[in-house]
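Please keep the sequence and the model side by side while reading.

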Amino acid sequence: MATNWTVEQLKAISEYGGNILVSAAAGSGKTAVLVERILNIIKEKTDVDKMLIVTFTNAAAAELRERLYTSLQKELDSPDMSPIMAKRLSRQQMLLSKSYITTIDSFCKTVVSSNPVESGFDASFRLAD
């Protein structure tokens, strides 16, 4: 994708080998950076359903999933797409429905309810608003 990234954004997109935290003002491109980072990772080595992508709100998680799907489609529509990469990216689009793009609280609830003995909670617990 042809985007004019800042030096800081490029670093966030391409930094590997550990965790990163992207903190910036609204409208600064955090979601675009994250989508590009995810695209790079799934192009190279990891299926999207093997990743944990956590955000703060359900709306942000839905937007991230939608933008990732759209970005994958743009890549697939590229005329110079190799057949091997096209197959890989098509698979990633299908795996998006099984991917862990979720909120922090939803992820924590899944971990606790999936491990009732270790967590000390009944597996049928419910969250209160």
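Threonine 102 is a residue of strand E2, which covers residues 100–103. The model it belongs to is a predicted one. Is threonine 102 buried or exposed? Its relative accessibility is 15%, and the cut-off for buried is under 20%, so threonine 102 counts as buried. Leaving out residues up to four places away in sequence, threonine 102 touches Leu52, Ile53, Val54, Thr55, Ala61 and Phe107. Strand E1 consists of residues 52–55. Threonine 3 lies 99 residues from threonine 102 in sequence, and the two C-alpha atoms are 26 Å apart in space.

The chain as a whole comes next. Six helices and two strands make up its list of elements, and along the sequence they follow the pattern α-α-β-α-α-β-α-α. The C-alpha trace spans about 55 × 35 × 30 Å along its principal axes. There are 129 residues, of which 28% count as buried. Among contacts with a separation of 6 or more, 64% are between residues 24 or more positions apart.

Helix H2 runs over residues 30–44. At 1.5 Å a residue its 15 residues should span 21 Å, and the end C-alpha atoms are 21 Å apart, which agrees. The buried residues in H2 are Val33, Val35, Glu36, Arg37, Ile38, Leu39, Asn40, Ile41 and Ile42. What covers the buried residues of H2? The cover includes H1, strand E1, H3 and H4.

Of these neighbours, helix H1 (residues 7–14) has an axis that comes within 8 Å of the H2 axis, and the two cross at roughly 40°. The crossing of H1 and H2 is right-handed. On the H1 side, Gln9, Ala12, Ile13 and Ser14 take part in the contact; on the H2 side, the residues are Val33, Glu36, Arg37 and Asn40. Sorted by class, this contact has three nonpolar, three polar and two charged residues. Val33, Glu36, Arg37 and Asn40 are also listed among the buried residues of H2.

Helix H4 also covers buried residues of H2.

Arginine 88 is placed in helix H4. Which residues does arginine 88 contact, leaving aside its neighbours within four places in sequence? They are Ile42, Lys43, Lys45, Thr46 and Asp47. Ile42 is one of the buried residues of H2.

The last stop is arginine 126, in the segment after helix H6, which comprises residues 116–119. Its relative accessibility is 78%, and the cut-off for exposed is over 50%, so arginine 126 counts as exposed. Arginine 126 is 17 residues from lysine 109 in sequence, and their C-alpha atoms are 8.9 Å apart in space.

Methods. Residues numbered from 1 in each chain as written. Predicted model: local features only at pLDDT ≥ 70, side-chain atom pairs only at ≥ 80, totals over all residues. Heavy atoms only, no water. Axes fitted to C-alpha atoms, helices over the stretch in contact; angles between N-to-C directions. Helix = DSSP H or I, 4+ residues; strand = E, 2+ residues; numbered from the N terminus. Left-handed = near helix turned anticlockwise from the far one by under 90°. Contact = heavy atoms within 4.5 Å. Nonpolar A, V, L, I, M, F, W, Y, C, P; charged D, E, K, R; others polar. Buried < 20%, exposed > 50% of the residue type's maximum accessible area, 1.4 Å probe, protein only. Expected span 1.5 Å × (residues − 1).
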